[in-house]
Amino acid sequence: MGALRITDKLPSIYVTNSLSVFNLLETREDCDLCLVGGMYRRRTAAFVGPTAEDTLRALGIDAAFIGANGILDGDVSTSNMDEGRIQQLAFSKADTRYLIADSSKIGRRYFCPPLPAQGYRFKMTRK
């Protein structure tokens with residue numbers, strides 16, 4: 001995961017399956033955090049599986065920030081099926097969707113069933 005810059009203007013509650021994002025925000029006193037449980041995937045420091053999915057299903061989501069491993073032919077993909085299901089669920093529930101990727105992701109396709117690239121606000125980062 002690349003560097004993440006958090007601005008001073010934060011919503012009141014963040015829900016994440018990412019331990020890395022949780023660790024970035026946990027010292028801030030101006031926001032509340034919800035770390036969804038589930039099976040911990042060390043490679044990406046993320047919680048996945050039915051427990052994480054059930055938690056997301058039960059919540060309202062104003063904005064989802066979704067990382068991509070690949071963007072090709074109008075589709076967004078990731079390399080892990082379990083993480084892909086979390087992304088698909090967050091995408092389907094969110095009012096606003098942000099896709100975060102660096103330029104190396106363009107022209108690549110990965111294993112996970114893709115999300116449509118439409119409906120996102122794009123944020124490109126430097127690799």
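**Aromatic pairs and nonpolar cores**

The model holds 2 aromatic pairs, where rings of Phe, Tyr and Trp (its six-membered ring) pair if their centres lie within 6.5 Å. Select Tyr40 and Phe47: this pair is tilted, 5.1 Å centre to centre with 50 degrees between the planes. Planes under 30 degrees apart count as stacked, over 60 as edge-to-face and the rest as tilted. This is a predicted model, in which local features need pLDDT of at least 70 and side-chain atom pairs count only at pLDDT 80 or more, while totals for chains, interfaces and linings use all residues. Residues are numbered from 1 along each chain as its sequence is written, and side-chain values use heavy atoms, leaving out hydrogens and water.

Next, select Phe65 and Tyr98, a stacked pair with 4.7 Å between centres and 5 degrees between planes. Phe65 lies in strand E5 (residues 61–67) and Tyr98 in strand E8 (residues 94–102), so the pair ties together parts 33 residues apart in sequence. Strands (E, at least two residues) and helices (H or I, at least four) are DSSP runs, numbered from the N terminus.

Move to Arg97: its charged end sits over the ring of Phe91, 4.5 Å from the ring centre (the rule is NZ of Lys or CZ of Arg within 6 Å of the centre and within 35 degrees of the ring normal).

Phe91 also belongs to the largest nonpolar core, which has 12 residues, including Val36, Leu56 and Ile66. Such a core is a set of buried Ala, Val, Leu, Ile, Met, Phe, Trp, Tyr and Cys residues joined through side-chain atoms within 4.5 Å; buried means under 20% relative accessible area (1.4 Å probe, protein chains only). Helix H3 (81–93) is one of the elements giving two or more residues to this core, and H3 supplies the largest share, 4 residues.

Terms used. Buried means under 20% relative accessible area, exposed over 50%, partly exposed in between (1.4 Å probe, protein chains only).
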